[in-house]
Amino acid sequence: MEQRHLGRTGLRVSRVGLGTLTWGRDTDEHDAAEQLKAFWDAGGTLVDTADVYGGGEAEYLLGRLMERLVPRQDLVLSTKAGSVPDPDRRTDGSRGHLLAALDASLARLGTDHVDLWQLHAFDPHTPLEESLQALDIAVRSGRARYAGVANFCGWQLAKAGTWQLGGDRTRLAGAQLEYSLLQRGVEREVLPAALDLGIGLLPSSPLGRGVLTGKYRSGTPSDSRGASETMAPFVEPYLDDAASRIVDAVTTAADGLATTPLHVALAWVRDRPGVTAPIVGARTARQLKAALSVETLSLPDEICRALDDVSAPVHRYPDHDWSTL
């Protein structure tokens, strides 16, 4: 699998990453092992997790698999901290919480460092410079090699990225946000900020939470995430008429290219400007292998333009490009 630099850094990662959101909850150890082995065999290196995935079980499971299945040194390990299971305060970006969470993650993962450590979300109740200082401490102490953020909006990413360029601070390497043909909101301000600051984008849910595969066109399959009590609210927002038109276009493009809607949707986001590696979360190893086989596909320009047009987000004042007025 092709390797790409994450942002303006020396860190190289596979251009498709493996997500572990459901590990330890909906994905058991056997299925997780099959996925990790398939990913590694395909040349994948970037494995993404978080301290809250499965209540910590995803990290614990990944750590066990690295002990016996895939060498730690062959993986670019990414985890996140800052999200908390508190309905009154969904994020805690305090320096104390973040560093304690990192130590707990390392213990569950069974390693002395992660390759990329990310703030999981912006905390409006903590000064941003305090949260960012935790990233600096983690890198200086060797517990993290590179640092990034996740789910920051445009002004938050611009402020964080600019702050980190000053003084003896750790440059932000990556930003992880949802990005797909069904969710192009990052193109308004997040992506321009990332491109300007040299921050690589790691799109999550690149298949539109599974909807872009086309499997929901005739209803909700009984074995899909949309049929799961836990994941149904996650999928439901992308089952409207607007999404249906985009899925139809993806399916038409796939038919014309003799490939699958999954491949078309994943190749589209993988090769967008500023994108380093979309993070793919699969339910089974078979699904993951299908996604990884996209490696040789490059979409023709006319297909890209057609997909861009049918999924174009609305840019209103002041987000639109003034040079086009």
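**Side chains and their setting**

Reply: Cysteine 153 is partly exposed, with a relative accessible area of 30%; buried means under 20% relative accessible area, exposed over 50%, and partly exposed in between, with a 1.4 Å probe and protein chains only. The model is predicted, so that local features need pLDDT of at least 70 and side-chain atom pairs count only at pLDDT 80 or more, while totals for chains, interfaces and linings use all residues. Residues are numbered from 1 along each chain as its sequence is written, and side-chain values use heavy atoms, with hydrogens and water left out.

Cysteine 304 is also partly exposed, at a relative accessible area of 22%. A disulfide is a covalent bond between the sulfur atoms of two cysteines. It is counted when a pair of cysteine sulfur atoms lies within 2.5 Å, and the structure holds zero disulfides.

The aromatic rings come next. A pair of aromatic rings is described by the distance of the centres and the angle of the planes. Rings of Phe, Tyr and Trp (its six-membered ring) pair if their centres lie within 6.5 Å; planes under 30 degrees apart count as stacked, over 60 as edge-to-face and the rest as tilted. Searching the whole structure gives three aromatic pairs. In one of them, phenylalanine 122 and tryptophan 155 are edge-to-face, with 5.5 Å from centre to centre and 70 degrees between the planes. This pair links distant parts of the chain, 33 residues apart: phenylalanine 122 is in the loop between β6 (114–119) and α4 (128–140), and tryptophan 155 is in helix α5 (residues 154–164). Such labels refer to DSSP runs numbered from the N terminus, helices being H or I with at least four residues and strands E with at least two. Phenylalanine 122 is buried, at a relative accessible area of 18%, whereas tryptophan 155 is partly exposed, at 49%.

Tyrosine 179 and tryptophan 268 form a pair whose ring centres are 5.8 Å apart and whose planes stand at 70 degrees, so the pair is edge-to-face. Distant parts of the chain are linked here as well: tyrosine 179 is in the loop between β8 (172–178) and α6 (190–197), and tryptophan 268 is in helix α9 (residues 261–270), 89 residues apart. Tyrosine 179 is buried, with a relative accessible area of 0%, and tryptophan 268 is buried, with 2%. Ring pairs also join Phe122, Phe152 and Trp155 into a cluster.

A charge sits over a ring if NZ of Lys or CZ of Arg is within 6 Å of the ring centre and within 35 degrees of the ring normal. The charged end of arginine 169 sits over the ring of tryptophan 163, 4.0 Å from its centre. The charged end of arginine 209 sits over the ring of phenylalanine 234, at 4.3 Å from the centre.

Most residues other than glycine have a negative phi, and most peptide bonds are trans. Arginine 209, although not a glycine, has a positive phi of about 60 degrees, and its place is in the loop between β9 (200–204) and α7 (232–235). Alanine 258, likewise not a glycine, has a positive phi of about 55 degrees. Alanine 258 lies in the loop between α8 (241–257) and α9 and is exposed, with a relative accessible area of 74%.

Strand β9 belongs to the sheet. Strands of a sheet pair through backbone hydrogen bonds, either parallel or antiparallel; two strands count as paired if DSSP finds at least two bridges between them. The open sheet has eight strands in the order β9-β8-β7-β6-β5-β4-β3-β10, with parallel pairing. At its edges stand β9 and β10 (279–280), each with a single partner strand, so one side of each is left without a neighbour in the sheet. β8 and β9 pair in the parallel sense over five bridges. Glutamate 178 stands opposite serine 204 in β9, and leucine 177 stands opposite proline 203 in β9. Five of the five residues of β9 are buried: Gly200, Leu202 and Ser204 on one side, and Leu201 and Pro203 on the other.
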